[in-house]
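Keep the sequence and the 3D view open while you go through the points.

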Amino acid sequence: MTDIPVSTGGAVAPGQVSFLNACLPPLTAGAYSLNWSQSVTGVGSTPPPPYTGDQPFIVSGPRFTLPGSTVQSVYPPAGKSGTFGDSLAHVVLSRATLPWERQPAPWLALLLVGNGDIPDGLDTTTVTELLTPAQGVVVPAIALDDLLPGEADSRCNSVELDAKLFAGLAPTADELPYLCHGREVAVDNKVEAAASADGRYAVVIGNRVVPAKLAVDTAFTALLVSLEGHMDHLPAYGGDGTTPVAPPQVANADRVRLCVLASWSFTASASAGSFSGLMKNLSRPGGIDMLQYPHDAQVGEPLAQKALDIGFVPLVHNTRSGEQTTSWYRGPLAPCPTNPAAVEPALFSDALLRYDPGTGLFDTSY
């Protein structure tokens, strides 16, 4: 494993990365007013009235949809299969300030669901339909009167999750700041079209790992959702400090409706376990299948069974005398303990052949 060079201050050099707690915008999205007053003094016994004025303005930004160029990259890769066990899904956004531009800050979360969790898939609706309450459905608490001109009729993607599933998947308010961060990299050697102008990106991380030990290939979907209007719907940890507890409005509901800003699917392949679990099993002969020749659980011959379990492979052996036989071979990455000190140096490779008179087979490993 290669260590990532981390910048500890100053300019980020090529090949380095700087991690930032947050990339805060100068102003968050919302309505503002610029007020001013000018007074003139020293021009007479009765000063003229002050000149005052105000100018309302709105800071807008992505809210119910994202421009296509906003998603820089995702992991696990979209549409791919692999052993992603113990991985946290995450998305890299080219707009570095995006997760902190609205309330709650950050207002984005990444939820990992199985395909069975969203049987109806995503739905395309208007923003008005997204925010309109329905029986048994919790919707974002955003008033229609607070929408900007044109937002009500704009279209967005949404999903309705089972309320209990949402309570178990959604992060708590206290967890949100730890699930988003900024990164800064040098863009000198980057392809111009693929790099942000200042080399800063936002990263949103999911809070649910891909299961490490899957018996069959399993499809998952990652949903980048908006939590605007859902702050009061997020779970909180109960008295034991480990079990998420849903607020009453979610606990008494059937479903929770969310605005989906981006989504992608991938397949986690069946695997024997996590990397750490596999490594811990190395000390037990036959503990893992990764370094074994594929074979049935019961070969029938005890000696052959043991040899296969600890990583031996039967191979065709052409002897120096020209005869052909079958011999055992095991590579250096053996899935069981070995004792290299037991093998003395040799001048010729043939001196390291081991013959088993019980089976009549050579061991050619050394």
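Glu 160 is partly exposed, because its relative accessible area is 31%, where partly exposed means between the cut-offs for buried (under 20%) and exposed (over 50%), found with a 1.4 Å probe and protein chains only. Please keep in mind that this is a predicted model, in which local features need pLDDT of at least 70, side-chain atom pairs count only at pLDDT 80 or more, and totals for chains, interfaces and linings use all residues. Residues are numbered from 1 along each chain as its sequence is written, and side-chain values use heavy atoms, leaving out hydrogens and water.

**Salt bridges**

- Which residue does Glu 160 meet in a salt bridge? The partner is Arg 255, at 2.6 Å from N to O; a salt bridge is a side-chain nitrogen of Lys or Arg within 4 Å of a carboxyl oxygen of Asp or Glu.
- Arg 255 belongs to strand 16 (residues 255-268) and Glu 160 to strand 10 (residues 155-162), so their pairing ties together parts that are 95 residues apart in sequence.
- A search of the whole structure turns up 7 salt bridges.
- One of them joins Arg 63 to Glu 228, with 2.9 Å between the closest N and O atoms.
- Arg 63 sits in the loop between strand 3 (51-59) and strand 4 (71-75), and Glu 228 in the loop between strand 13 (218-226) and strand 14 (236-237), so this pair ties together parts that are 165 residues apart in sequence.
- Arg 95 and Glu 101 form another salt bridge, their closest N and O atoms being 2.9 Å apart.

**Cysteines**

- How many disulfides does the structure hold? The count is 0, where a disulfide means a pair of cysteine sulfur atoms within 2.5 Å.
- Cys 259 is in no disulfide, and its nearest cysteine sulfur, that of Cys 156, is 4.5 Å away.
- Cys 259 counts as buried because its relative accessible area is 3%.
- Cys 23 is buried too, at 5% relative accessibility.

**A serine in a loop**

- Ser 87 lies in the loop between strand 5 (81-82) and strand 6 (88-93).
- Ser 87 counts as buried because its relative accessibility is 15%.
- A polar atom of the Ser 87 side chain is 2.9 Å from the backbone oxygen of Phe 84.
- Leaving aside residues up to four places away in sequence, Ser 87 touches Tyr 75, Arg 208, Val 209 and Val 210; touching, or contact, means heavy atoms within 4.5 Å.

**The whole chain**

- The chain has 5 helices and 20 strands; these are DSSP runs numbered from the N terminus, with helices (H or I) of at least four residues and strands (E) of at least two.
- Of the 366 residues in the chain, 36% are buried.
- Among contacts with a separation of 6 or more, 69% are between residues 24 or more positions apart.
- The accessible surface is about 21400 Å², with 54% belonging to carbon and sulfur atoms; the area comes from the Shrake-Rupley method with a 1.4 Å probe, and for residues only the protein chains shown count as cover.

Terms used: A polar contact is a pair of N or O atoms within 3.5 Å; within protein, one must be able to donate a hydrogen and the other to accept it, and residues adjacent in sequence count only if both atoms are side-chain atoms.
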